[in-house]
Amino acid sequence: MSQKSIMEYETVALDDDNSALEIIDQTKLPGETRLISLHTGKEIWDAIYLLKVRGAPAIGVAAAFGMYLLAKQIKEQDFELFYQAFLQQKEYLNSARPTAVNLSWALNRMDKVCIENREKPVEQIKELLRAESVAMKEEDIQVCKAIGEYGLTLVKPGDGILTHCNAGQLATCKYGTATAPIYLGQERGYHFRVYADETRPLLQGARLTAYELYASGVDVTLLCDNMSATVMRNGWVNAVFVGCDRVAANGDTANKIGTSVVATVAKRYHVPVYICAPTSTIDMNTLTGEDIVIEQRPAHEVTQMWYEKPMAPEGVKVFNPAFDVTDHDLIAGIVTEYGIAREPYTESLREIFAKKNSTD
Ligand code: MRU
């Protein structure tokens, strides 16, 4: 019997029958594909904080489903009392991770549903919250596909593409963002050569990106994080595609720690760096990278997580920021579902949003 491919699983799903949020526990990949059902605020918060579900768009959709399920559990029928309890749960979920703006973006969309329908019976508001969360998942799939189409115009058959962390299907509801051009190219016979950075300390590149690309038949080569200069110097890389957790209004971009190193090296070797960014990840209220809050993670992720034994002396000081900021001048383009923004980003990102507002 053939085994089910990781690509056939849903990263995030709403299980109506059991009033649960169902996710793949990504901390178990690639060894084991374990689906877990989450019901309580604490279970959902933990799953986001512990990276059982991770990647900005997937976090957003998981939070939206989670918020609907938590709202459903609120017994109050008076709107003000219902809304007070809603806001408490919203703030709690929002505290799970600070950098990925999709978390607050998704929760704010859910909040807006409550506010705009405050005159309606609470039970009806709950149904509208369900519809909004389901719409967000469907939108995510369409958005990733559109990013893939725009991204594909930036490369040609046979090209080498380097990526960092996992901005793949496992970070979204389908296609991924940085991987969307790769998957669309794969369907169209582009034969890309993909280089996946392992991405210390949590190895999203090795455990997730290499896994999903390999399972999809993509020609993928796994690299340690310190090898990007070598492959670029060898001339093997034509473009870098990465995802992002928050893009500031001036184009500065927060993504997984190490992205700015890759971008700096890429500049040295004249390799263009493209940030694949759904508009849900672009935060026009954050003016520059200086204003982006960078999540700090616990030391044990660096010293011993994923290893049988600690790999560092006990008690040593550890610096473990989850993300870094790539300065906008290192970025050749920001690929959104509404087109590709180029320098100066302060203007081009505004145009992207104008296009979005005129079509929505
Ligand atoms: O800590 P993670 O695994 O959530 O970090 C994920 C990334 O940095 C991704 O590149 C980013 O969220 C974009 S996912 C489309």
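Accessible areas here come from the Shrake-Rupley method with a 1.4 Å probe, and for residues only the protein chains shown count as cover. On that basis the protein chain exposes about 15,800 Å², of which carbon and sulfur atoms supply 51%. The structure is a predicted model, in which local features need pLDDT of at least 70 and side-chain atom pairs count only at pLDDT 80 or more, while totals for chains, interfaces and linings use all residues. Residues are numbered from 1 along each chain as its sequence is written, and side-chain values use heavy atoms, with hydrogens and water left out.

The overall fold comes next. Eleven helices and 14 strands make up the secondary structure of the protein chain, where helices (H or I, at least four residues) and strands (E, at least two) are DSSP runs numbered from the N terminus. The radius of gyration, taken over C-alpha atoms, is 20 Å, close to the 21 Å that the globule rule gives for 360 residues, so the protein chain is as compact as a globular protein of that length. The rule itself is 2.2 Å times the number of residues to the power 0.38. Along the principal axes, the C-alpha atoms fill a box of roughly 65 × 50 × 50 Å. Buried residues (under 20% relative accessible area, against over 50% for exposed and partly exposed in between; 1.4 Å probe, protein chains only) account for 55% of the 360 residues. Of the contacts (heavy atoms within 4.5 Å) between residues at least 6 apart in sequence, 75% join residues at least 24 apart.

Polar side-chain atoms lie 2.8 Å from a ligand oxygen atom for R54, 2.9 Å for Q204 and 2.6 Å for N255. Taken alone the ligand exposes 420 Å², and the protein buries 99% of that.

A few backbone details deserve a look. Most residues other than glycine have a negative phi, and most peptide bonds are trans. The bond from L29 to P30 is cis, with omega near 5°, and P30 lies in the loop between β2 (20–24) and β3 (35–38). The bond from E343 to P344 is also cis, with omega near -5°; P344 sits in the loop between β14 (339–341) and α11 (345–359). L203, in the loop between β5 (193–197) and α7 (204–215), has a positive phi of about 60° and counts as buried at 14% relative accessibility. H270, in the loop between α9 (259–268) and β10 (273–276), has a positive phi near 60° but is exposed, with a relative accessible area of 72%.

Key. A polar contact is a pair of N or O atoms within 3.5 Å; within protein, one must be able to donate a hydrogen and the other to accept it, and residues adjacent in sequence count only if both atoms are side-chain atoms.
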